[in-house]
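This report describes a single protein chain by its sheets, one of its helices and its aromatic contacts. The sequence and the structure come first.

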Amino acid sequence: MLSIIEQIKQGKLWDFHGGIHPAENKDLSNKSPIVNAGIPQELVLPLKQHIGSKGDIIVAVGDNVQKGQPLTQGDIAMCVPVHAPTSGTITAIEQRTTAHPSGLSDLCIVIAPDQQDTWCDKTTYADYEDRDPAELIDAIRLNGIAGLGGAGFPTARKLQGGLGNVDILIINAAECEPYITADDRLMRDYAEEVIEGVRILRHIISPKLTIIGIEDNKPEAIQALEQHVKEDDNILIRVVPTKYPSGSSKQLVKILTGREVPSQSRSTSVGVIMQNVGTAFAIKRAIIDGEPLIERVVTLTGEAFKERGNVFAMLGTPIAYLLDKFGYKADKKHPRVIIGGSLMGFTLPHSNVPITKMTNCILAPKRKELPLHTYEMACIRCSACADVCPSSLLPQQLQWYAKDQNYEKCEEYNLQDCIECGACAYVCPSEIPLVQYYRQAKAEIWARSQDEINAERARQRFEAKQARMDRDKAERENRFKKAAETRREEMAKTGGDDAVAAAIARVKAKQAAAQSEKPEVKPAVAAAIAAAKAKQAASAQGATSETLPDNSEMAKLREERKRQARERKAEKEAGESTASASSNDSKKDAVAAAIARAKAKKAQQASEQKVPVADSVVENAEVDPKKAAIAAAVARAKAKKEAQQAQSESNSGTSVETSEADPKKAAVAAAVARAKARKAAQQAQAQSEVTPEPAAETEAVDPKKAAVAAVVARAKARKAAQQAAKEQQNIEED
């Protein structure tokens with residue numbers, strides 16, 4: 001079985017599904033050679049004239065530029081620069097209406113030509129056969145060359161994708177669109193340069209076979225090409241039947257090679273790369289002549305033009321300038337200016353739109369020449385659109401889903417494979433503008449996909465930022481930890497302590513001490529609490545039984561008086577030395593003394609009003625003050641004795657629990673002792689009240705002195721308790 005290349009060399013051709021045969025109307029513009037359109041008064045250059053991204057502007061308003069000077073730049077393959085078509089001054093960088101079906105505006109560079117047409121420095125590659133293909137591809141990109149067949153795909157990017165992956169190079173010279181003759185006249189008038197451009201492409205791609213596909217309705221162009229093709233060029237000129245849209249990339253690949261390009265794929269996926277005739281001509285000018293893409297061939301056709309033909313128009317030339325120069329006379333009822341052919345073109349909103357790299361035809365038809373389809377009727381389901389679709393799609397279903405804005409279904413039915421040839425709309429008996437629905441749906445799908453891409457990019461950037469912040473935080477913590485460890489090691493080596501650790505230890509020690517310390521109970525408060533408890537106990541027990549007087553207490557009282565006298569003398573001597581130390585407690589002592597005096601006075605008044613129990617005591621009899629003083633002294637002696645016993649017990653204790661006694665407990669014990677002493681004093685006083693006094697003892701005792709003596713006794717008892725508590729605390733600290 002013969003290979004594909006052998007079958008092609010033998011002249012085998014294939015066919016594609018569908019297709020139509022509309023009126024060509026090429027005779028209107030292919031009879032005269034290409035002429036120069038001249039330099040207009042203003043050039044408007046959109047930054048984006050190709051498929052891909054815009055370049056960065058490298059000029060400013062007011063700059064003087066020369067012909068061929070780059071105005072933008074870009075570092076990626078899908079970005080091709082824009083060059084100045086002639087010398088002049090940049091007057092504005094602003095939004096202008098561009099050649100697009102939407103009629104929207106885009107950023108443009110406006111140049112006012114100086115009519116000098118001065119060239120800048122050129123870089124040529126006349127010895128391109130000795131150059132590396134990568135160097136030539138970069139030169140093609142820097143010269144701003146994009147596909148001139150109408151798609152505008154960056155040529156350098158397409159060539160990069162074909163290196164080492166393709167075995168067949170196809171030069172598209174079919175030009176199947178009605179009215180358009182730009183490629184036809186270019187092959188007739190510049191056949192040698194076109195073939196030289198094909199040779200440059202062969203040097204870059206190194207294919208096994210090169211085919212120039214041209215329709216059989218261009219006999220003059222076929223003859224001109226055959227005159228300049230050499231035997232060693234390995235270039236086949238293959239004539240194909242005239243059928244629309246045979247000039248489409250996928251359809252021409254099918255016709256010439258029999259290979260089917262997969263859905264949403266390019267021809268390079270089946271080992272074929274395709275370039276337009278105009279692109280080959282621009283590559284020759286860029287590589288050998290050093291001229292960037294600053295002009296292209298544009299067909300001016302339609303009965304509304306007085307002078308029809310093909311012209312070399314500078315990029316950025318306003319269409320209004322071409323209309324005026326070549327005798328455009330608008331139709332009175334329906335004036336129209338169409339960019340492109342009658343099937344794939346679109347009507348301009350106004351004529352102040354510039355020529356771009358993808359503009360190959362300006363069609364100005366009259367109403368009778370190209371009737372208007374202004375009334376859309378209901379679909380009759382004739383399936384004529386599906387029969388002629390070259391991509392084997394279902395136009396009827398696609399139109400339903402596009403009209404219903406069901407874009408998911410549109411994608412499911414492979415809307416992206418639609419080449420917008422217009423064959424379906426051409427044969428539709430209901431005059432439904434199917435291509436317009438498809439274009440609108442494609443634009444909406446593209447916008448949604450861009451939104452999704454931007455959202456995904458934003459999410460990735462956010463996650464990357466969060467990861468970076470977490471990483472920086474971890475690194476910072478590790479750095480601080482390492483610095484602390486290094487500091488500790490250095491202090492350990494130098495014999496010092498870590499200041500931070502020492503400070504932390506001090507703070508912890510203070511906190512522990514504050515928690516362990518308990519508020520000291522004041523003796524007066526403790527005594528008051530003990531007295532209250534004693535009163536409660538006395539009231540509970542009741543006065544049912546009375547204590548009999550004990551004569552042994554008198555002897556103890558005498559000894560106690562002597563001891564008190566000695567203590568008073570000692571206190572008087574020590575009072576002078578301790579006056580300064582006790583100055584802080586003078587106020588408290590005064591208050592305590594006042595309270596004691598008040599209590600003594602109250603007790604005296606109560607004793608005066610109390611009725612004696614014995615029969616020998618008459619009502620309202622006065623208590624003997626001397627006996628009251630004696631009873632108070634006895635009570636003080638007992639209190640002091642009990643305090644000494646409590647102190648001796650606390651000092652002689654051997655258990656751990658007793659040695660670690662709390663000062664508060666000692667104070668409580670002292671308070672209990674004082675309560676017991678007070679209770680004893682009350683009992684003694686009661687005895688003195690019920691015992692008949694001897695008649696001989698009539699000597700009166702001063703009640704004020706007795707009260708003072710009682711206060712002094714209580715103060716001494718309190719002092720003894722405090723001293724005992726302090727000694728106990730010192731013992732615990734030791």
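Predicted model: local features only at pLDDT ≥ 70, side-chain atom pairs only at ≥ 80, totals over all residues.

Thr301 has Leu363 of E16 opposite.

## The chain as a whole

The protein chain has 22 helices and 16 strands. It has 734 residues, and 41% of them count as buried. The accessible surface of the chain is about 40,600 Å², and carbon and sulfur atoms hold 51% of that area.

Among contacts with a separation of 6 or more, 76% are between residues 24 or more positions apart.

## The antiparallel sheet

A further open sheet has 4 strands, ordered E2-E7-E6-E4, with antiparallel pairing. Strand E2 (43–46) and strand E4 (64–65) stand at its edges; each has a single partner strand, so one side of each is without a neighbour in the sheet.

The partner of E2 is strand E7 (residues 105–113), and the two pair in the antiparallel sense over 4 bridges. Leu45 stands opposite Ile109 of E7. In a regular strand, side chains alternate between the two faces of the sheet. In E2, Leu43 and Leu45 point one way, while Val44 and Pro46 point the other way. All four of these residues are buried.

## Strand E8 and its two partners

Strand E8 (residues 168–172) has 5 of its 5 residues buried, so the rest of the structure largely encloses it. Ile168, Ile170 and Asn172 point one way from E8, and Leu169 and Ile171 point the other way.

E8 pairs with strand E9 (residues 209–215) in the parallel sense over 5 bridges. Leu169 has Thr210 as its bridge partner in E9. Strand E11 (residues 272–276) also pairs with E8 in the parallel sense, over 5 bridges. Here the bridge partner of Ile168 is Val272 of E11.

## Helix H2

Helix H2 covers residues 133–142, and its buried residues are Leu136, Ile137, Ala139, Ile140 and Arg141. An α-helix has 3.6 residues a turn, so residues three or four places apart point the same way. Which helices do the buried residues of H2 pack against? They pack against helix H3 (155–162), H5 and helix H8 (277–287).

At the N-terminal end, H2 is capped by Asp132, with a side-chain oxygen 3.0 Å from the backbone nitrogen of Ala134. Just after H2, Gly144 has a positive phi of about 70 degrees.

## Aromatic pairs

How many aromatic pairs does the structure hold? There are 5 aromatic pairs.

## Lysines over rings

Two lysines are placed over aromatic faces. Lys122 lies over the face of Trp119, at 4.1 Å from the ring centre. Lys243 lies over the face of Phe16, where the distance from the ring centre is 4.5 Å.

Terms used: Residues numbered from 1 in each chain as written. Heavy atoms only, no water. Pairing = 2+ DSSP bridges. Phe/Tyr/Trp six-rings, centres within 6.5 Å; stacked < 30°, edge-to-face > 60°. Lys NZ or Arg CZ within 6 Å of the ring centre and 35° of its normal. Buried < 20%, exposed > 50% of the residue type's maximum accessible area, 1.4 Å probe, protein only. Contact = heavy atoms within 4.5 Å. Areas by Shrake-Rupley, 256 points an atom, 1.4 Å probe, with all protein chains shown as cover. Polar contact = N/O pair within 3.5 Å; in protein donor to acceptor, adjacent residues only side chain to side chain.
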